[in-house]
Each structure stands twice: as structure tokens, then as C-alpha cells.
Amino acid sequence: MKPRENIETLYDAALSAFAEFGYLKTTMDDVAGRLNMTKGNLYLYVKNKQDLYHKTVAHALLKWQAKVFEAVSRERDAREKFNVMCFKAAEYLAEDPALRQVLVRDPDIFPMFPKKDPFDAINRNSVALIHAILKQGIAENLFRPIDPDRVSEVVFMIYKMFIIRMYIQTDDPRIRDMFADTVDLFANGLMVRNAEG
């Protein structure tokens with residue numbers, strides 16, 4: 001691997017090492033060995049193991065986010081965008097076992113109530129996507145008029161709760177059904193609408 005040639009390859013190798021051994025037990029030699037390079041060459045890309053870990057996790061989270069954004073961008077209808085966003089975001093971790101294992105080993109990556117979010121900028125972009133979908137739905141009279149600032153935060157918080165329950169704390173199959181029920185509840189509400197009103 002030549003310097004700066006393929007940073008994604010580096011991050012993928014690092015993610016697999018952190019998933020297998022955890023942050024504390026992973027060494028720079030473990031990652032360098034997966035890339036067939038020396039540990040010294042690895043320092044051309046990162047300052048130290050902590051820098052490598054942060055950049056690796058950020059890269060993995062951005063890949064997750066990009067998959068969701070890509071899926072949403074194929075939809076025009078705000079209702080479909082909302083549904084696709086919810087389900088694609090939740091399903092992604094089933095397709096990325098290395099990131100899932102890193103999250104299991106280090107749940108502070110995706111904290112429920114963070115005092116300091118280590119990946120705040122990435123998570124802010126996810127909230128911004130929710131916000132944009134809500135605003136579109138309101139503008140098109142598909143969603144009732146709500147405060148998109150507050151509700152986008154609520155949606156993201158509920159989403160994080162389900163990610164934690166689905167992938168970090170338990171493998172209870174009922175959680176997926178509960179997630180689908182929650183998305184339906186958001187999309188359709190709880191109250192029966194008066195047919196005349």
C-alpha cells in the first residue's frame with residue numbers, strides 16, 4: 001500500500017482488528033500486519049492508536065450514513081424517504097459485522113445521552129437529514145405541522161435507543177418488530193382520525 005493510496009483499505013483493516021481484539025488489545029502491529037506494511041508506515045496516516053481508532057470509527061459511521069443518504073435520495077415522497085431512512089439505517093449494522101462488533105465493544109461510540117458525543121458532527125448530519133425530511137413532509141402537507149427542530153432530535157434519540165437494543169444490548173427478535181411498530185406509530189399516529197374532520 002503506497003502512502004495516501006487507499007485510506008479506505010487502511011480503515012477497513014483497522015476496523016476488522018478493533019472488532020476482533022477490541023481497542024485495548026489491538027496494536028498498531030496488528031493493523032500494519034493486515035496491510036502488509038510496517039508499523040512505521042502506518043504512522044504516515046495516523047498519529048497514534050487513538051487517532052487511528054477515531055478515524056476508523058468515523059470512516060465506518062460515514063459509510064453507514066452514506067448508505068442511508070443514498071437510499072433516501074432515490075425517493076421523492078417524504079413519507080417514503082422517512083420509511084427508507086428508518087429501515088435502511090437500522091438494517092445497515094446487520095450488513096456490517098465489524099462495525100457492529102466495535103459498537104458492542106465500545107457503546108460510547110453511539111451514546112444514548114451523551115455529555116460529549118465523540119462523533120457529534122456525523123450525528124448532526126443524521127439529525128439534519130431527519131429535519132429535511134420532516135420539513136419537506138410539512139411543506140407538502142403530508143406531515144402535520146410539528147416543530148422539525150425538536151422532532152428530528154426525538155426521532156434520532158428513539159433511533160439510537162433501538163440501535164442500542166438491537167445490536168449492542170440484546171439480540172431479542174421482538175426488538176425488530178417493536179422498531180417497525182415505532183416507525184408506523186410515527187408515520188400514522190396513535191389516534192383514529194375523524195373521517196369527517
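In this tour, exposed means over 50% relative accessible area, buried means under 20%, and partly exposed is in between, with a 1.4 Å probe and protein chains only. Start with Asn-36: at 73% relative accessible area, Asn-36 is exposed.

**Before you click**

This is a predicted model, in which local features need pLDDT of at least 70, side-chain atom pairs count only at pLDDT 80 or more, and totals for chains, interfaces and linings use all residues. Numbering runs from 1 along each chain as its sequence is written, and side-chain values use heavy atoms, with hydrogens and water left out.

**The whole chain**

Show the protein chain as a cartoon. You will see nine helices and zero strands. Helices (H or I, at least four residues) and strands (E, at least two) are DSSP runs, numbered from the N terminus. The C-alpha trace spans about 70 × 35 × 30 Å along its principal axes. The chain has 197 residues, and 41% of them count as buried.

Now colour by pLDDT, the predictor's confidence in each residue, from 0 to 100. The chain's mean is 90, and 94% of its residues reach 70 or more. Where pLDDT is low, the predicted coordinates should not be read in detail.

**Stop 1: two loop asparagines**

Go back to Asn-36. Asn-36 sits in the loop between H2 and helix H3 (39-42). Its phi is near 55°, a positive value in a residue other than glycine.

Next, select Asn-141, in the loop between H7 and H8. Phi is positive here too, near 60°. Asn-141 is exposed, with a relative accessible area of 70%.

**Stop 2: Thr-26**

Select Thr-26, in the loop between helix H1 (7-25) and helix H2 (28-34). Is Thr-26 buried or exposed? Thr-26 counts as buried because its relative accessibility is 2%. Its side chain reaches the backbone oxygen of Gly-22 at 2.6 Å. Now show its surroundings. A contact means heavy atoms within 4.5 Å. Leaving aside neighbours within four places in sequence, Thr-26 contacts Ala-17, Phe-18, Phe-21, Val-31 and Lys-49.

**Stop 3: Arg-105**

Move to Arg-105 in helix H6 (residues 97-105). Arg-105 is partly exposed, at 42% relative accessible area. Which residues does Arg-105 touch, not counting those up to four places away in sequence? They are Phe-18, Ala-19, Glu-20, Phe-21 and Gly-22. Draw a C-alpha to C-alpha distance from Arg-105 to Phe-18: the two are 87 residues apart in sequence and 8.9 Å apart in space.

For the chain's contacts between residues at least 6 apart in sequence, 64% join residues at least 24 apart.

**Stop 4: the pockets**

Rolling a probe the size of a water molecule over the atoms shows where empty space is left. The search uses a 1 Å grid over the protein atoms alone: a cavity is a set of points where a 1.4 Å probe fits but cannot get out, a pocket is an open set with protein on both sides within 12 Å along at least five of seven lines, and lining residues have an atom within 4 Å of a point. Grid points are joined across faces, edges and corners, and a volume is the space filled by probe spheres set on the points.

The largest pocket holds about 640 Å³. Of its 19 lining residues, Arg-144, Phe-186, Ala-187, Asn-188 and Gly-189 are the closest to its centre. Helix H5 (78-95), helix H8 (148-169) and helix H9 (174-188) each give two or more residues to this lining. H9 gives the most, with five.

Colour the lining by class: Ala, Val, Leu, Ile, Met, Phe, Trp, Tyr, Cys and Pro count as nonpolar, Asp, Glu, Lys and Arg as charged, and the others, Gly among them, as polar. The largest pocket's lining has twelve nonpolar, four polar and three charged residues.

The second largest pocket holds about 250 Å³. Its lining includes Gln-50, Tyr-53, His-54, Asp-106 and Lys-116. By class, the lining has five nonpolar, two polar and four charged residues.

**Stop 5: the cavity**

How many cavities of 30 Å³ or more does the structure hold? It holds one. The largest cavity has about 300 Å³ of space. Select Met-85, Ala-89, Ser-126, Phe-156 and Tyr-159, which lie nearest its centre among 23 lining residues. The lining has 19 nonpolar, four polar and no charged residues.

Definitions and conventions:
Polar contact = N/O pair within 3.5 Å; in protein donor to acceptor, adjacent residues only side chain to side chain.
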